[in-house]
Amino acid sequence: MEKDIIKPIKRLSFRDEVYQTLQKSIINLELQPEERLNDKELAEKFGISRTPVREALKRLEDEGLVESLPGSSTRVAPLKLKEAKHAFTVVAALHALAARLASPLLKEMDIEELEFSNKTLKFAIEKGEAIKAIEADGNFHKVFLDVAGNPEITFALERSVPKIQRLEISQFTTLKGLNSVEQHNRIISACKNQEYEKIVRLVEENWLSLGVMLTQQTEPR
């Protein structure tokens with residue numbers, strides 16, 4: 001019997017490709033908060049019609065990354081501390097849930113991945129490389145998400161994480177970001193000692209303290 005190992009290649013629609021490109025640029029701060037977005041100019045740059053660009057902008061608006069202004073103009077949404085504070089609370093709870101599900105199932109290779117991601121995070125912060133720091137931090141917590149294997153947690157995080165990532169990138173490379181490295185070390189130690197409840201508590205505290213640190217640093221004087 002012929003094995004069904006070759007699947008049709010899935011190609012992104014113009015709308016999805018524009019959406020992913022703009023979302024990444026907004027989160028990475030390549031497109032700055034409050035920067036104007038013109039659908040005609042964007043369509044010309046992408047080399048496509050305005051319809052998929054408008055659809056992508058509408059999806060980004062639904063996620064809170066873009067906002068419409070009077071007069072039919074569009075801009076990158078400003079950083080919103082209140083919204084970010086609420087999002088950090090949700091993200092902390094979801095990651096704590098993932099840690100609770102994953103903790104009894106962690107293997108030695110998972111703990112090695114935690115250690116590698118944390119070393120990468122420390123190096124990136126010391127070098128002032130914001131994007132790499134965020135990626136390393138994401139990889140650290142992804143270990144728990146992958147082991148937990150609950151897609152509903154991941155879906156819920158996809159809704160909230162974009163609201164805090166821009167704030168992380170704008171602030172995460174300060175030396176205070178090294179607090180996360182120390183907190184991660186305590187989480188790794190708890191994993192090695194199979195202290196499951198302690199792991200859950202430390203993971204939640206890690207996200208909540210990061211939220212407090214980032215929002216306080218950006219509070220207007």
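Mentor: H4 and H6 are oblique to each other. Oblique is what remains once angles under 35 degrees count as roughly parallel, over 145 as roughly antiparallel and 65 to 115 as roughly perpendicular.
Trainee: At what angle do the axes of H4 and H6 cross?
Mentor: At roughly 55°, and the axes come within 8 Å. Axes are lines fitted to C-alpha atoms, for helices over the stretch in contact, with angles from 0 to 180 degrees between N-to-C directions. H4 is residues 81-102 and H6 is residues 130-148. Helices (H or I, at least four residues) and strands (E, at least two) are DSSP runs, numbered from the N terminus.
Trainee: What am I looking at, a predicted model or something else?
Mentor: This is a predicted model: local features need pLDDT of at least 70, side-chain atom pairs count only at pLDDT 80 or more, and totals for chains, interfaces and linings use all residues. Residues are numbered from 1 along each chain as its sequence is written, and side-chain values use heavy atoms, with hydrogens and water left out.
Trainee: Which residues of H4 meet H6?
Mentor: His95, Ala98, Ala99, Leu101 and Ala102. On the H6 side they meet His141, Phe144, Leu145, Val147 and Ala148.
Trainee: And how does H4 lie against H7?
Mentor: Their axes cross at roughly 160° and come within 10 Å. That makes H4 roughly antiparallel to H7. From H7 (residues 151-160), Ile153, Ala156, Leu157 and Ser160 make the contact (heavy atoms within 4.5 Å). The H4 side includes Ala87, Val90 and Leu94.
Trainee: New topic. Which residues of H3 are buried?
Mentor: Pro52, Val53, Ala56, Leu57 and Leu60. Buried means under 20% relative accessible area, exposed over 50%, partly exposed in between (1.4 Å probe, protein chains only).
Trainee: Why are they on the same side of H3?
Mentor: They cover an arc of only 140° around the axis, which puts them there. The arc is that of the directions from the helix axis to the C-beta atoms.
Trainee: What do they pack against?
Mentor: Helices H1 (14-27) and H2 (39-46), plus strands S1 (36-37) and S2 (66-69). Just after H3, Gly64 has a positive phi of about 85°.
Trainee: Last one. Is Ser117 buried or exposed?
Mentor: Ser117 counts as buried, at 3% relative accessibility. Ser117 sits in helix H5 (residues 108-127). Leaving aside neighbours within four places in sequence, Ser117 is in contact with Ala136, Asn139 and Phe140.
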